[in-house]
Amino acid sequence: MLALIQAFLDEASSTYTYVVHEADDGPCAIVDSVLNYDPASGRTDTRQADKVIAYVREHRLQVQWLLETHAHADHLSAAPYLRRTLGGKIAIGQAISKVQHVFKHLFNLEPEFRVDGSQFDHLFAPDEIFPIGNLKAQALHVPGHTPADMAYLIDDQLILVGDTLFMPDVGTARCDFPGGDAHQLYASMRKLLAFPSQTRLYVCHDYPPQGREARCQTTVAEQRAGNIHVHDGVDEAAFVQMRTQRDAGLGMPTLLLPAIQVNVRAGNLPPPEENGVVYLKIPLNQL
């Protein structure tokens, strides 16, 4: 039986959340969930995550995993809310500890904040195999965008690629965040593009050019033939030069500062201060 996958687009952050399962009445995984956040008011809400909850309940699914491809810089994770509501284990790659170390220093987080990934329920080793019900899944370490990026191979049929690759007419992820590396990203993309040509690839974001609707799915063959940054024939040196020049002209994502300090906590908010209020920090002149 083919793995079933349902996509949910958060238009505010151009993020795709996925529910992966084999059939109704069975286990599932939720990948890259979104907690809505309004930076002007500092308010959060769960309208995007509630769409996922409605789907899970409609199909009578049992949440086994709440997977993160990496600590996102463009949206806050809704994983803790989904875990409280539906159950499941929040999981990410082992290298999240490297990201936590960098951002604990940048945000001067509380001394009790640990940089060992223990805020997550499970840390995947590179190439670790795990089940989603009867589906076989594998956690692929694909660093470059960040040190901790993961892609998830499902039943040798499809890969949730996170922020490594975008749709062919959009290209590839930036590498200028702390710990990012264009050489590593090139190697990670070639690793993904070495899978059979018919393998379906599901992206975490789509930023479509004018005139095209947002899409979430492509194939290895389509990427190798037409990705504007890394199609067949583009060597590592050319890619790194392009990526470095392009990244130098990009602005910071609007939600980077709130998103990172939440997402390194597995989506949990910082602890409230003495007055009972939760605060997010803005480090001035640091990024």
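Predicted model: local features only at pLDDT ≥ 70, side-chain atom pairs only at ≥ 80, totals over all residues.
Trainee: Which residue is the bridge partner of Phe8 in strand 2?

Mentor: Across the pair, the partner of Phe8 is Thr17.

Trainee: Is strand 2 (residues 15–21) largely enclosed or open?

Mentor: In a regular strand, side chains alternate between the two faces of the sheet. Here Thr15, Thr17, Val19 and His21 point one way, Tyr16, Tyr18 and Val20 point the other way, and all are buried. With 7 of its 7 residues buried, strand 2 is therefore largely enclosed by the rest of the structure.

Trainee: Where do the buried residues of helix 3 lie around the axis, on the same side or on opposite sides?

Mentor: In helix 3, Ile96, Val99, Gln100, Phe103, Leu106 and Phe107 are buried. They cover an arc of only 130° around the axis, so they lie on the same side of helix 3.

Trainee: Which residues are exposed on the other side of helix 3?

Mentor: The buried residues of helix 3 pack against strand 7 (89–93), strand 8 (122–124) and helix 7 (256–263). On the other side, the exposed residues are Lys98, His101 and His105.

Trainee: Which residues touch the most other members of the largest nonpolar core?

Mentor: This core has 40 residues. Elements giving two or more residues to this core include strand 3, helix 1 (47–58), helix 3 and helix 7. The residues touching the most other members are Val19, Ile30, Val56, Leu66, Ile96, Val99 and Ile260.

Trainee: How many residues does the second, separate core have?

Mentor: Among the members of the second core are Tyr186, Leu192, Leu193 and Val230. This core is separate, and its number of residues is 25.

Trainee: How far apart are the end C-alpha atoms of residues 14–205?

Mentor: UniProt, in an unreviewed entry, places "domain: Metallo-beta-lactamase" at residues 14–205. The span is 23% helix and 30% strand. Its end C-alpha atoms lie apart by 5 Å.

How values were computed:
Residues numbered from 1 in each chain as written. Heavy atoms only, no water. Buried < 20%, exposed > 50% of the residue type's maximum accessible area, 1.4 Å probe, protein only. Helix = DSSP H or I, 4+ residues; strand = E, 2+ residues; numbered from the N terminus. Arc of directions from axis to C-beta. Contact = heavy atoms within 4.5 Å. Core = buried A, V, L, I, M, F, W, Y, C linked by side-chain atoms within 4.5 Å. UniProt positions renumbered as here; feature names shortened; annotations may be inferred. Pairing = 2+ DSSP bridges.
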